[in-house]
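Keep the structure open beside you as you read.

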Amino acid sequence: MRRVAVTGLGAVTPLGNDVASTWDAAVAGRSGIDFIQSFDASGFPVRVAAEVKDFAVDGLVSPKEARRLDRNVLLALGAAREAMGDAGLNGFDPARVGVVVGSAIGGLPGIVEQQEILRERGADRVSPHFIPSVLVDTASGQLAISLGLRGPNYAPVSACATGSHAVGEGAEIIRRGDADVILAGGTESCIHPLILAGFCAMRGLAAEEEHPPRASRPFDATRAGFVMGEGAGILVLEELEAAQRRGATIYAEVRGYGASNDAYHLAAPDPDSVGVAEMMRAALARAGVDPGDVDYINAHGTSTPLGDLAETKAIKDVFGDHAYELAVSSTKSMTGHC
């Protein structure tokens with residue numbers, strides 16, 4: 001079984017438009033959550049979100065293409081170009097480099113926009129670029145086109161787990177020998193009146209008006225809901241021996257990957273946390289790692305009362321007494337739920 005290394009990092013987040021600024025803000029504890037600026041949210045019960053700020057598309061695509069592509073695709077392009085540059089990939093067969101980048105909601109804002117055009121101006125004014133710009137796999141496909149990558153290409157769609165599934169499945173493609181390099185990750189840009197209204201109706205959002213950076217507080221006793229976020233995160237996954245031969249910077253190794261589900265409810269977690277526990281046990285077993293060897297968990301930690309409680313139970317079920325020695329945190333406290 002081939003081993004998989006992480007050799008490139010790319011990020012566009014509410015904390016910064018590249019990895020360095022995102023990391024600096026994260027370790028300093030700075031939050032990217034604030035009052036919504038992209039539209040007037042004054043009539044909504046929730047007015048805070050974690051938006052990407054001052055993102056420029058210059059140099060990513062032409063101005064004409066930028067107008068055609070959904071924002072989630074442009075964010076993914078920014079993160080992917082950074083990741084590829086960071087990895088320093090040269091001389092690879094493009095047929096052996098693939099892309100697995102997913103999105104939960106994709107180009108829904110563009111769907112709403114074209115629906116308004118249809119209603120107000122008629123069918124013949126709907127953009128011919130409408131369909132290819134809003135599909136969930138547009139980001140993955142556009143990365144391949146922009147970077148000339150002809151390997152396996154698809155977009156997993158699994159709500160909050162999409163980015164993690166992309167990394168896990170991308171690693172599996174390399175392990176089984178179908179590619180040598182995979183760009184893997186997730187992208188989302190859906191801070192939009194309709195989406196905000198929908199989440200408000202579900203009563204899942206935190207309505208923090210006095211101090212927006214406190215709105216997302218995972219595992220806190222006073223947590224009151226999640227905060228919408230946007231951004232893109234892309235990793236370059238590479239077959240380990242090839243990475244070592246070319247002297248690549250190796251940030252990490254993808255040792256194990258587990259996937260499951262609760263089979264319980266469309267939105268609420270199983271209070272017994274069976275699916276989450278099974279997933280972690282599967283990842284540990286696949287990696288050949290004992291629970292006691294784990295130092296840190298980057299938790300899903302959305303800051304919802306039920307979600308954080310269920311995740312805590314799962315961690316205790318899997319790690320037993322060692323759970324009390326683990327470091328556990330959720331970066332959603334600063335980026336919102338992207």
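Start with strand E4 (residues 97-102): 6 of its 6 residues are buried, so the strand is largely enclosed by the rest of the structure. "Buried" here means under 20% relative accessible area, with exposed over 50% and partly exposed in between, using a 1.4 Å probe and protein chains only. Helices (H or I, at least four residues) and strands (E, at least two) are DSSP runs, numbered from the N terminus. Before going on, note that this is a predicted model, where local features need pLDDT of at least 70 and side-chain atom pairs count only at pLDDT 80 or more, while totals for chains, interfaces and linings use all residues. Residues are numbered from 1 along each chain as its sequence is written, and side-chain values use heavy atoms, with hydrogens and water left out.

Back to E4. Val97, Val99 and Val101 point one way from the strand, Gly98, Val100 and Gly102 point the other way, and all are buried. What does E4 pair with? Strand E6 (residues 181-188) runs parallel to E4 and is joined to it by 6 bridges, and strand E5 (residues 153-154) also pairs with E4 in the parallel sense, over 2 bridges. Two strands count as paired if DSSP finds at least two bridges between them.

Now for the second largest pocket, which holds about 450 Å³ of space. Of the 23 residues lining this pocket, the closest to its centre are Asp70, Arg71, Pro109, Gly110 and Glu113. Helix H2 (63-68), helix H4 (108-121) and helix H5 (130-134) are the elements that give two or more residues to the lining, and H4 supplies the largest share, 4 residues. On the method: a 1 Å grid is laid over the protein atoms alone, and a pocket is an open set of points with protein on both sides within 12 Å along at least five of seven lines, whereas a cavity is a set where a 1.4 Å probe fits but cannot get out; lining residues have an atom within 4 Å of a point. Points are joined across faces, edges and corners, and the volume is the space filled by probe spheres set on them.

Arg71 sits in helix H3 (residues 71-87) and is partly exposed, at 32% relative accessible area. Leaving out residues up to four places away in sequence, Arg71 touches Val52, Ser189 and Glu230, where contact means heavy atoms within 4.5 Å.

How many aromatic pairs does a search of the whole structure find? There are 2. In one, the ring centres of Phe39 and Phe44 are 6.0 Å apart and the planes are at 70 degrees, so the pair is edge-to-face. Rings of Phe, Tyr and Trp (its six-membered ring) pair if their centres lie within 6.5 Å; planes under 30 degrees apart are stacked, over 60 edge-to-face and the rest tilted. Phe39 is buried at 15%, while Phe44 is partly exposed at 22%. Phe199 and Phe226 are also edge-to-face, 5.2 Å centre to centre with 85 degrees between the planes.

Finish at Ser330, in the loop between strand E10 (327-329) and helix H12 (332-335). Ser330 is buried, with a relative accessible area of 7%.
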